[in-house]
Amino acid sequence: MALILYRLALLLVLLATGGMIVFIVRQRKSVFKWSYRILVAGFAVHTVFLVHQYIAMGTAPVLSLKSALGFFAWTITGAYLLFQLKFRLMVLGSFIAPLAAVLMILSTTIPGTEGATAGPLFKSVWLTIHVVTVFAGDGMFAIMFGAAVMYLLQERQIKGKRFGFLYTRLPSLQTLDSINHHALVIGFPLLTLGMVTGAIYAQQALGSYWRWDPKEVWSLITWLAYAVLLHERLTVGWRGKRAAVMSIICFGLLIFTFVGVSLLFSDYHSFSSLEGRTAQ
Amino acid sequence: MTNIVTIGMNHETAQVEIRECLARDPDNVSRALSVMRDHQAILEGLYISTCNRVEALYTTDNISEARNSILEVFSKLGGIRAEDLAPSLYTLEDTESVRHVFKVASSLDSMVVGEPQILGQIKEAYFQATRAKTSGVILNRLMHRAFHVAKRVRTETGISDAAVSISYAAVELAKKIFHQLAGRKVLLVGAGEMAELAARYLLSHGVEKISVANRTFERAVQVAGGFHGKPVYFEEIESELVEADIVITSTASPEYVITHEQVKRSFRKRRNRPLFFIDIAVPRDVEPRVNSLGNSYVYDIDDLRGVVEINRAQRLEEAVKAERIVEEEVLRFEAWLKTLGVVPTIVRLKEKVEEIRRTELRRSLSGLGDLTEHQRQALDLLTTSIAEKIIHDPILTLKQKADRPSRDQVLDLTRRLFRLDDNHD
């Protein structure tokens, strides 16, 4: 059942991604409209899948890298749909949908099943809040990353006075910078909240707020990087290219924290030990 | 046979740096005209100098000598060696030259095809030539036809739609930077038809405020009045840079009016909000290095061309229509030019007098009742000799003038006095 739901969600997201790519080339509004509807459907199916998993496991379904990637894709799609409501920026979908699709595919390539009931350790409301806020923040940062890449592409054309394929298709610099700003302003508090609730959960479950394990350290570094960006944006007035480059660096750190640290270091936060513990 | 020649350079053949050299001094036009007036080989002359083109248009009987003197004028006015100048120049003769003038006047040869300013600039150039008395029969006719062609192209084709103006290009770019122009502020430095047009266009797209700076404050007040803008002193430019979003520059200053240092300082105060410079001036007013600053975008007149290229395809169809109008008018002008010889004028004059004589004779004969064959012949002879006597002296004068420099004037006067061209126009 769960597998079918996930496969269906993936199929819909892939279809939507294809549509969005066709849209950026052909610039047909109807193509976008249908892709958007399919993406919404995919998101809905994915949501049903996650709810199913949550009920089955009794906790947020992110305890393995496999499910975490899927969940990340879901938050990215959700963040995109929110931004679509505000900015009505069709071309953003052409950059974000592929990202979500890739994450979902990656998730399916990782072997393993999920659905086993999680141990009592994981049945905490703090953990759920921790996971949901961190991932929602990550979703925002993914949007920010997409907008930053688009910004750099567009700025290069305007500055260099060479107008290629993307010039007419990409939105204005102002719009992209504004997305960067909004995603940061929403994403950063979510990430902060996620880290605080994580610490509270750690205190309850493991007896200490902070244990200096690699994931925590790298999360802190990522958080600091985003904090610097937010600070510079709000006080000094960093914007445009510098903010875009910084967003991309921050997102690199975030992905490293998310995937790299889990694979490189073995610690209580890493997925292998998490999975180990689900079986306990 | 007199030759009509154009030597010049435009945005396509010459870099902005070279055009700058020639356009730097506004007195260059009158200097060039006085050289043309005094030079033996040049019969009539006209000198066009705009941001995008410098051209000498003249008539001559001695092509090579005239050409050399024009090249000398260019190299002297621009302070460039003739060899360095040569690759940027084009030379057009007779039909080619006529076609070129028509195209330039109808804005078909403009950087932004269809932009309306060029016609005004050509009219001004012609006005200067008539004041300097370098324009004669042929150029007078040519320029008036050119204005006529321009009018036809403007009314009969869609080429001059707003969509093709340089202002449109600037607005499109501004939208790619700022998304919306509503609430943005414009700083206009200097004045000029093109700059004011761009400013007006930005205003119609929602720009909120406009400040106008000029070397002479009086002029700033005057220009600002037209936009409900705020006149500011030239020295205030730097502080205005902190507020502005779009800066249009169009001064005749030979130096940069806005420097890298100034803009860099202002960016700190404006918290890096993007700043878009539209530099219409030749020589340029904004230091090119400003473009390398973050969030700063500098477009000079050559760069704007690149933007315009994008929607060029849409205009091709209209361009074909315009070309047809130009061709039609070129043929018409050529036909007129051919009549401007001594022999054709005499022939035409004789024809006309003969026509009149016959018509009148026929009319009188019907009122005279029955005449003998002999009487008819006498009447015929009488009218013929009267007519011939009347035009004898004019024809003699024309023949005498055949090799004089004043020939064209006399021919033109004759044709106008006797209305010889009525069925041509």
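Reader: Before we start, how are the residues and chains labelled, and what limits apply to a predicted model?

Author: Residues are numbered from 1 along each chain as its sequence is written, while chains are lettered from A and ligands numbered from 1 in the order in which they are written. Since this is a predicted model, local features need pLDDT of at least 70 and side-chain atom pairs count only at pLDDT 80 or more, whereas totals for chains, interfaces and linings use all residues.

Reader: What is the strand order in the open sheet of chain B?

Author: The open sheet has 4 strands in the order E2-E3-E1-E4, with antiparallel pairing; strands (E, at least two residues) and helices (H or I, at least four) are DSSP runs numbered from the N terminus, and two strands pair if DSSP finds at least two bridges between them. E2(B) and strand E4 (90–93) of chain B stand at the edges with a single partner strand each, so one side of each is left without a neighbour in the sheet. On average, neighbouring strands of this sheet are turned by 15° against each other, direction ignored.

Reader: How many bridges hold E2(B) and E3(B) in their pairing?

Author: E2(B) and E3(B) pair in the antiparallel sense over 7 bridges, and a hairpin of 3 residues joins E2(B) to E3(B). Among the partners, Leu46(B) is bridged to Leu57(B) in E3(B), and Gly45(B) to Tyr58(B) in E3(B). E1(B) and E3(B) also run antiparallel, joined by 8 bridges, with Asn3(B) standing opposite Thr60(B) in E3(B).

Reader: Is E3(B) mostly covered or mostly exposed?

Author: E3(B) is mostly covered, with 8 of its 8 residues buried, where buried means that 20 or more other C-beta atoms, placed from the backbone, lie within 10 Å of the residue's own, exposed means 12 or fewer, and partly exposed is in between. In a regular strand the side chains alternate between the two faces of the sheet. In E3(B), one side has Arg53(B), Glu55(B), Leu57(B) and Thr59(B), the other has Val54(B), Ala56(B), Tyr58(B) and Thr60(B), and all of these are buried.

Reader: And which strands does H1(B) lie across?

Author: H1(B) lies across E1, E2 and E3 of chain B and runs at about 60° to E3(B); axes are lines fitted to C-alpha atoms, for helices over the stretch in contact, and angles run from 0 to 180 degrees between N-to-C directions. H2(B) also packs on the sheet, where H2(B) touches E2 and E3 of chain B and its direction makes about 170° with that of E2(B). The buried residues of H1(B), which spans residues 16–23, are Arg19(B), Cys21(B), Leu22(B) and Ala23(B).

Reader: Switching topic, how many residues does each chain bring to the contact?

Author: Chain A brings 14 residues and chain B brings 16, with two residues in contact if their C-beta atoms, placed from the backbone, lie within 7 Å. H6(A) gives the largest share of the side of chain A that touches chain B, namely 3 residues.

Reader: Which residues of H7(A) are buried?

Author: In H7(A), the buried residues are Glu216(A), Trp218(A), Ser219(A), Thr222(A), Trp223(A), Tyr226(A), Leu229(A) and Arg233(A), and the buried residues of H7(A) pack against H6 and H8 of chain A. Just after H7(A), Gly237(A) takes a positive phi of about 90°.
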